[in-house]
Amino acid sequence: MSSSYPIVDIHTHMYPPSYIRLLSSRSTVPYIHQPSEDPNADPRLIILASDDDPARPKSARGRPVDGTYSSFDQKRQFMQAHGITCSVISLANPWLDFLDPESALPTAQEINDDLDKACAENNAQPSGLKLYAFGCLPLSAPSQDIVQEIHRLKTLANVKGVIMGTTGLGQGLDDPALDEIFAALAATNTLVFLHPHYGLPDSAFGGQETIAKSGHVLPLALGFPLETTIAVSRMYLAGVFDRHPQLQFLLAHSGGTLPFLAGRIESCVAHEREFIANGGHRQGPKRSIWEVLHSNLYLDAVIYGQPGLKAAIEAAGSVDRVMFGTDHPFFPPLGDDKNSKWLSVESNISAIDGCFPQNEEAQRKILGGNAVRVLGLDL
Ligand code: URA
Ligand code: ZN
């Protein structure tokens with residue numbers, strides 16, 4: 001793909017070298033394992049609980065982790081191969097969720113500084129390729145540390161928001177203890193890129209043995225999007241968007257199944273007798289889920305097919321609230337040809353093309369224009 005307008009990838013991960021060192025120093029999930037029997041073999045990345053299957057040797061658990069996860073050169077090669085002119089990189093899951101409270105803030109500061117510096121170095125080069133970043137938050141640290149880092153991130157020129165998972169401080173995103181954090185995010189106009197990691201309990205898929213029969217398919221195709229859907233629905237039901245009307249979230253994987261289920265959520269809320277609005281005694285959400293979708297939520301376009309993308313655009317209320325992404329370096333081609341186009345990227349691009357065959361303006365918005373506007377990118 002080559003185009004006369006910016007192509008911005010807002011869903012593209014990096015494990016910067018400092019984070020690779022952190023994972024390599026661990027032996028429980030999340031960790032990186034270097035098989036000792038074959039020092040030339042790629043290390044293994046074991047980040048999902050279902051990856052750490054005791055029935056397999058460690059050298060066969062998880063997935064191989066090569067330079068695409070941490071090399072900025074390889075990120076640029078990937079961008080060039082797919083016509084991407086700007087990437088907003090983010091730490092991949094599970095971010096810093098597993099750190100103890102004492103090390104969380106200094107680790108977040110180190111990684112955020114690394115990301116900002118790498119973007120600055122890249123942007124000083126004449127290649128024409130731009131890098132920006134979503135920072136990470138020390139969510140296991142005391143609240144004042146988290147708020148401090150939210151404010152500090154605004155001083156890093158290349159950081160354009162934050163990425164976080166669905167557990168928040170450990171109890172989910174409807175936890176009232178998060179109000180202080182959400183207030184800081186809203187006050188600093190910080191976009192939150194919400195990304196899944198934990199999926200659903202193994203039992204939802206018939207247990208680890210059943211999951212193992214199809215590798216990552218069930219946790220990634222179903223567990224991830226359902227996790228996001230549940231997390232945002234819980235926020236909505238707990239009135240988070242009523243209390244923080246300025247809060248802005250970008251939902252990974254086109255909002256999971258939220259676009260498809262929003263009408264059902266709305267209907268169940270309207271029929272819930274417990275809620276004050278319907279004669280009950282509990283405070284339900286004050287605003288409709290559609291209003292929240294149209295004013296607090298953006299959706300990425302990482303959905304790999306036209307029906308899902310159409311639903312995302314329809315639920316978001318406009319083509320202005322959906323943004324292209326790739327999920328690089330996950331879902332690489334499985335063959336030996338390292339330079340081949342990635343099916344995962346091509347299917348997202350053809351879904352955009354297929355939804356708007358005659359409408360270059362709409363394509364331009366999803367592929368980059370919306371990200372430039374919403375994130376304030378200097379391209
Ligand atoms: N698998 C992951 O663990 N994370 C992603 O972002 C995509 C696939
Ligand atoms: Zn991702």
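**Cis peptide bonds.** I began at Pro-329, which sits in the loop between strand E11 (322-323) and helix H12 (343-355). I take helices (H or I, at least four residues) and strands (E, at least two) as DSSP runs, numbered from the N terminus. The peptide bond from His-328 to Pro-329 is cis, with omega near 5 degrees. I also found a cis bond from Val-29 to Pro-30, with omega near 0 degrees. Pro-30 belongs to the loop between helix H1 (17-24) and strand E2 (31-33).

**Ground rules.** I am reading a predicted model, where local features need pLDDT of at least 70, side-chain atom pairs count only at pLDDT 80 or more, and totals for chains, interfaces and linings use all residues. Residues are numbered from 1 along each chain as its sequence is written, chains are lettered from A and ligands numbered from 1 in the order written, and side-chain values use heavy atoms, leaving out hydrogens and water.

**Ligand 1.** Which residues are around ligand 1? I listed His-13, Ile-47, Arg-63, Asn-93, His-195, Leu-220, Phe-224, Asp-327, Phe-330 and Phe-331, each with a heavy atom within 4 Å of the ligand. By class I get five nonpolar, three polar and two charged residues in this shell. Here Ala, Val, Leu, Ile, Met, Phe, Trp, Tyr, Cys and Pro are nonpolar, Asp, Glu, Lys and Arg are charged, and the others, Gly among them, are polar.

Next I looked at atom pairs. An oxygen atom of ligand 1 has a polar side-chain atom of Arg-63 at 3.0 Å, and a nitrogen atom of the ligand is 2.8 Å from a side-chain N or O atom of Asn-93. For His-195, a polar side-chain atom lies 3.1 Å from a ligand oxygen atom. Taken alone, ligand 1 exposes 240 Å², and the protein buries 100% of that (Shrake-Rupley method, 1.4 Å probe).

**Helix H7.** I checked the length of H7 (residues 217-237): at 1.5 Å a residue its 21 residues should span 30 Å, and the end C-alpha atoms are 30 Å apart, which agrees. The expected span is 1.5 Å times one less than the number of residues. I did find a kink of about 35 degrees at Gly-223, shortly before Pro-225; the bend is the angle between axes fitted to the seven residues ending there and the seven starting there. Just after H7, Gly-239 has a positive phi of about 80 degrees.

**Whole chain.** Last, I noted 13 helices and 11 strands in the protein chain.

Methods. Polar contact = N/O pair within 3.5 Å; in protein donor to acceptor, adjacent residues only side chain to side chain.
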